[in-house]
Amino acid sequence: LTDLRFAIIVSFAVLIYFFMNFKNWSLEHVRKYFVINLIAIISITAFFVFPFIQSNLMAEYVGSNSLKEIFLNSRVSLKSLFVTEENDITVLELGPHIIIMLALSIFSFHKYTEEVKKEYIFCFAMMIIYIIMSTKIFPWGIFPNCISRLENPNIFLIVAAFFESVVCAMNVGVVIKEFNLKHTFVITMFILLYLFLVRERIPYSDSVFDIDSYDMSEIISYNVLPQKAKNNIEYIRNRSRDVEV
């Protein structure tokens, strides 16, 4: 289910990139590689997508009936992208190391060629758009109830992180022309220092329990269950622990 949500979200950026470069469609090698990549993508994902489609046709899943209100209430606040409050369960902030690397755009952008600038602007724009789509300022309320199937707006931050990493890498590559082990060490230490500061947000426990002591009905996420299984939770709680096909 998560992989399908990623595919839906990323398709937005793919379509924009396709239309940005549509003028290249007339080139034979572009069409050739497009078809090759399309076949490769379908082949690689078929082992997941086809069984997923089959299972959804055979049963109605809880995740398909998520409430729109739950999705809207799960949106990220702008403040949480920069500061993690005491009562926040998840760390969503960009972190000083990312902010610094993004700020290097001021010094690096003018050094790119026109073609590279086009790619850079695309990645930077997608990063901003996906970040905004995860926050409360994006008007998700005007969209139909089907957006609830995305389940959690945090997933947009994961996609944004991909474009963010490209932008940061390009900035660092321009500012630090001869990247060596010393630079790697400094950046690594900076990141570890930041992680040390947020270490209390990482859940940790010394307790280890035998799997047999768990109630399977409590550790399974409801959104991956068929609707009829949620309605008959006693079956999951009392069923055999053997593997059944």
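Predicted model: local features only at pLDDT ≥ 70, side-chain atom pairs only at ≥ 80, totals over all residues.
Local features need pLDDT of at least 70 and side-chain atom pairs count only at pLDDT 80 or more, while totals for chains, interfaces and linings use all residues. Residues are numbered from 1 along each chain as its sequence is written, and side-chain values use heavy atoms, with hydrogens and water left out.

The axes of helix 6 and helix 7 come within 8 Å and cross at roughly 150° (axes are lines fitted to C-alpha atoms, for helices over the stretch in contact, and angles run from 0 to 180 degrees between N-to-C directions; helices are DSSP runs of H or I with at least four residues, numbered from the N terminus). The contact, meaning heavy atoms within 4.5 Å, includes Y120, F124 and M127 of helix 6 and L157, F163 and E164 of helix 7. By class, this contact has 18 nonpolar, 1 polar and 1 charged residues (Ala, Val, Leu, Ile, Met, Phe, Trp, Tyr, Cys and Pro count as nonpolar, Asp, Glu, Lys and Arg as charged, and the others, Gly among them, as polar).

Helix 4 (residues 96-103) and helix 8 (residues 181-197) pack at about 140°, with their axes 9 Å apart. P96, H97 and I100 of helix 4 meet F190, I191 and Y194 of helix 8, a set that divides into 5 nonpolar, 1 polar and no charged residues.

The lining of the largest pocket has 20 nonpolar, 5 polar and 1 charged residues, and its largest share, 11 residues, comes from helix 2. Helix 1 (2-20), helix 2 (28-58), helix 6 (114-133) and helix 7 (154-175) are the elements that give two or more residues to this lining.
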